[in-house]
Amino acid sequence: MTTRPNPFATTTAGALLVVRRRARADRGLVLGSLLLVVVTCFLALSGPRLLASAVDAGARDAVERAGTGADLVAELPSTVTTAGIRYQADAASLLRAAGHDMSDALPHEIAPVAGAPVTGFVADARLLTHPGSAVAAGLAWWSTLADTGMTWVEGAGPGPSPVLPDRSDLGPGEEMPTQLVEVAISRDNAESLELHVGDHLPMLRGSSQTVEAVVVGIFEPSDTTDPVWDVTTGLLRAGTTAGTQVIPRVGLVLSDTSLPDAIAATASETQRAWVRFPVVADGFAGAEAPALANALSRVAADPSPLLTSYGVPGIRTELTTVLAEYGERLRGVYAQAYLVLTGVVAVGALSLLLAGRLVVERRRQVLAAERARGASVAWVALTLAGESVPLAALGLGLGALAASAVAPGTAWVWGPGVAVAVAASLAVPVGGALLVARAWTGRQLPANKRDRERLANRERGRRLVAEAGVVVLALGAAAAVRGRGLLQSQTQQVDLLLVATPALLAAAGTVVVVRALPPVMRLVGGLTTRSRGIVPVVAAARAARSHGTGLPLLSLAISLALVVFSGSVAASVAEGQVRAADQRVGADVRIDGTLPDGLAAQLRAAPGVDAAAAGLRTPGRTFNLNSGQKVTLLAVEAAELDPILARHDERYAGELQQLAPQDPGAAPRALVSPGLLDAVHSIGASVFGGNGFIDLDVVGTTDLAAAGEQLVIVDLDVFAAAGTDLTVPDMLWVDGPGAVDAVDAAQLDDEAGLTVSDREQWLADIHASPLTTGMLDLLRVAAVVLALLASVALALTVVATAPERGRTLSALRTLGLDGRLARRITIGELLPLSLAALVAGGAIGIGLPRVLGDALGLGSLTGELRAAPATFSATSLALATGAMLLALVVSVGVEAVVRRRDRLGDVLRVGER
């Protein structure tokens, strides 16, 4: 009885022995492939880790730059507990307990980034420091007062005052004793107000009860930058109050024992108490930002979980806005970074496919012989996989080991590395299986020539349809991603449509070049026949007969396109940040807030100041009665602001000159955003000025509005004369080489409610942002890596075509061809492919930022109010060209050195290598 053979055993028989012999025979090629796998896996695994590290550092930097404004603050509704007792000896303990209760009730998303609670209290009052001289005072206490560094220059810390008796306990005609509140004051404030220990400061209040603050201590702070000194204005150095009546504002320090006296002595409406949770930026991860923002929004909308004995607090924090702005920047970073990282992985995988094709071509005769001797396609694929799969696994492991040293502590993203390992595992087995499968298909061609032509035409039609589909798909992807804009999802980091678009465009370009290259080469070949030398004729003939150029051309086109793209984006970001500084600040220095009287004139007269212009920005104004259209009204000193904007803002076209002085009584002239012109033409223009609607004479348009904003610009003085109540400017642009020094000399830091923005400092801050620097570094490194991968792809192409070219050159050597002419023929053969890839890749790289448009999110990364088109970088194109030429020259030189070992006698005897 005959035993039926096991199909699995017959398929795998001798496979391991064949694998070992092949690997030993081609050990140089195997080691080269392993090195390529290791490097590609390292790039695929380390890129996302570097990006994650930059994102985390950027999130921490954004939170740190926000300062105390990012802290979570819970405003207590009352400083008196539900017991209703006005004097509470344990008020400090009760406030501290409220802070700890809130800390325990924080949502789990917020708790890791919330520091220890700091409870604070401030009571506002007016005190007489000297007869006829009053100051606004803030009586301040905070729960970490005992840990705050201060040195007592004179006196000591505040203590308790005698408790006042109840009025019912007073005898007839007996007056209530004066309520005393012991306080401490900083040395600078004491010197400026001429106060000393023991001074009594009567409190001005609308009550018969007399209250006096007693100065019992004068202190010097150990660290003036400690955030606790921001509890109230003027704690260390006197400021001024905002409003029409400007008086000095100082802060006075209470203690745990004098806090109850301050609560009892001041009116409840002047008291504020809160619990502040400082945001701990250390360990903050960018991936946690969406969940944290959602948790903050929930707590702000419903703070009832933070209920204490004082009631339900009110929540305020700027962290939600900070995270939202950072998330917007992050979407732009993800769009650009993953596009480049995906390109690196794709080019690396294509290089591995080229290396696999080289291995298969080297073993073509061996594989064909095995197939002829009866080996199955599965056996051939299995033996090749037995070599490539361990090699890919080893390369992935070594690449991961090297990547572990990059950005330690960040999460692993295994997808790109696994994709590279899979490509390396399948490149040789699939290529070998296709080779042996085509060697004998079992299908016979028709004997009739017409039938053969019909089959060939059918095959060409299928290929044409497939190529046309690739082109249509690429154009559709480009149109879709351009029309859609930046991906508006914070939960999805990778925009698949965006990252696929460059590869699709490169594939479409490859199809076009592969179709156009043969006719062009035939034309060139016809022209070379007129030349007298042999080099142009042979090189053109070989280039025209070359086949299998699609894969190397695709690899070169993608890599070169992304080299140019990376350099262009990096240049666009650098230039865009300069434009953003001009747009955000508008001058060398801008001051925001209620401006002190005479400040503009003072700064105009300062040395080095070329111009200073005041303005008032009022968002949310109604444009035209009953229209529902909201605009931002900007009233400026047009004549003074015109030269400032002309110097700094590229969007400005001199339109403020149209707001020149006009006839008295005429409607104020105005500039509007283009989006308002339809309303102006149909119903006219008017804007709500506080006391009613004021008609406007629209004389032009302006592009100074931010994205999505409708802007109306009028002259400040003319608009004020029209009867509006919007007359007090809240912005001041100061320009000139001495603008910064002039503003510093004005000592505006002491003014309450003023914010000074320095253009150079703003630009330095955004340049130092970890997110920006990380992204730019990633783009520059990616450009260099892609240029090297392009060189590798071209080198692999040179090596793959070397055997066939060697046969031609060996035959020509018998006719007297020397090494110099052989090198020129090799360069001439490969030059069309290199030039075609450079032209296709360069064109795609230059056009890609313009095709993708807003989908790249350049404006979100640069900070521009209105993003400008991407800038072309000639340096990146030079890098791509240099990499191609260098790889071509080096590859041809190495091939020439190898062929120099061939002896002419062997060539004459054998005929070919």
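# Helices, salt bridges and rings in a predicted chain

Modeller: The chain's secondary structure comes to 27 helices and 21 strands; helices (H or I, at least four residues) and strands (E, at least two) are DSSP runs, numbered from the N terminus. The model is predicted, so local features need pLDDT of at least 70 and side-chain atom pairs count only at pLDDT 80 or more, while totals for chains, interfaces and linings use all residues. Residues are numbered from 1 along each chain as its sequence is written, and side-chain values use heavy atoms, with hydrogens and water left out.

Biologist: How much of the chain counts as buried?

Modeller: Of its 913 residues, 48% are buried. Buried means under 20% relative accessible area, exposed over 50%, and partly exposed in between (1.4 Å probe, protein chains only).

Biologist: Of contacts between residues at least 6 apart in sequence, what share joins residues at least 24 apart?

Modeller: The share is 81%, where contact means heavy atoms within 4.5 Å.

Biologist: Helix H3 next. How does its span compare with what it should be?

Modeller: It agrees: the 40 residues of H3 (residues 27-66) should span 58 Å at 1.5 Å a residue, and the end C-alpha atoms are 58 Å apart. The expected span is 1.5 Å times one less than the number of residues.

Biologist: What follows H3?

Modeller: Gly-67, with a positive phi near 65°.

Biologist: Salt bridges. How many are there?

Modeller: The structure holds 24, each being a side-chain nitrogen of Lys or Arg within 4 Å of a carboxyl oxygen of Asp or Glu.

Biologist: What does Asp-71 pair with?

Modeller: Arg-276, with the closest N and O atoms 3.6 Å apart. That pair links distant parts of the chain, 205 residues apart: Asp-71 is in the loop between H3 and strand E1 (72-76), and Arg-276 is in strand E10 (residues 271-277).

Biologist: Is Asp-71 buried or exposed?

Modeller: Asp-71 counts as buried, at 8% relative accessibility. Arg-276 is partly exposed, at 22%.

Biologist: Which residue does Glu-328 meet in a salt bridge?

Modeller: Arg-331, at 2.1 Å from N to O. Both lie in helix H8 (residues 319-362), three residues apart, about one turn of the helix. Glu-328 counts as partly exposed at 30% relative accessibility, while Arg-331 counts as buried at 12%.

Biologist: What about Arg-617?

Modeller: Arg-617 forms a salt bridge with Glu-709, the closest N and O atoms being 2.8 Å apart. Arg-617 lies in strand E13 (residues 611-623) and Glu-709 in the loop between strand E18 (697-701) and strand E19 (711-715), so the pair ties together parts 92 residues apart in sequence. Arg-617 is partly exposed, with a relative accessible area of 33%, and Glu-709 counts as buried at 18%.

Biologist: Which residues are linked in a network of salt bridges?

Modeller: Asp-61, Arg-65 and Asp-765.

Biologist: Where is Asp-777?

Modeller: In helix H22 (residues 770-800). Asp-777 and Leu-50 are 727 residues apart in sequence and 9.9 Å apart in space, C-alpha to C-alpha.

Biologist: Switching to rings. How many aromatic pairs does the structure hold?

Modeller: Six. Rings of Phe, Tyr and Trp (its six-membered ring) pair if their centres lie within 6.5 Å; planes under 30 degrees apart count as stacked, over 60 as edge-to-face and the rest as tilted. Phe-219 and Trp-229 have ring centres 5.6 Å apart and planes at 15°, so that pair is stacked.

Biologist: How accessible are Phe-219 and Trp-229?

Modeller: Phe-219 counts as buried at 0% relative accessibility, and Trp-229 counts as buried at 5%. Trp-142, Trp-152, Phe-219 and Trp-229 form one aromatic cluster.

Biologist: And how do Tyr-334 and Tyr-338 pair?

Modeller: They are tilted, 5.7 Å centre to centre with 40° between the planes. Being four residues apart in helix H8, Tyr-334 and Tyr-338 are separated by about one helical turn.

Biologist: Last topic: which residues form a nonpolar patch on the surface?

Modeller: Trp-412, Trp-414, Val-418, Val-422, Leu-426, Val-430 and Leu-434, with about 610 Å² of accessible area together. Patches are made of residues with over 30% relative accessible area and no salt bridge: like charges are joined within 9 Å, nonpolar side chains (Val, Leu, Ile, Met, Phe, Trp, Tyr) within 5 Å. Leu-426 is in helix H11 (residues 415-439) and is partly exposed, at 47%.

How values were computed: Areas by Shrake-Rupley, 256 points an atom, 1.4 Å probe, with all protein chains shown as cover.
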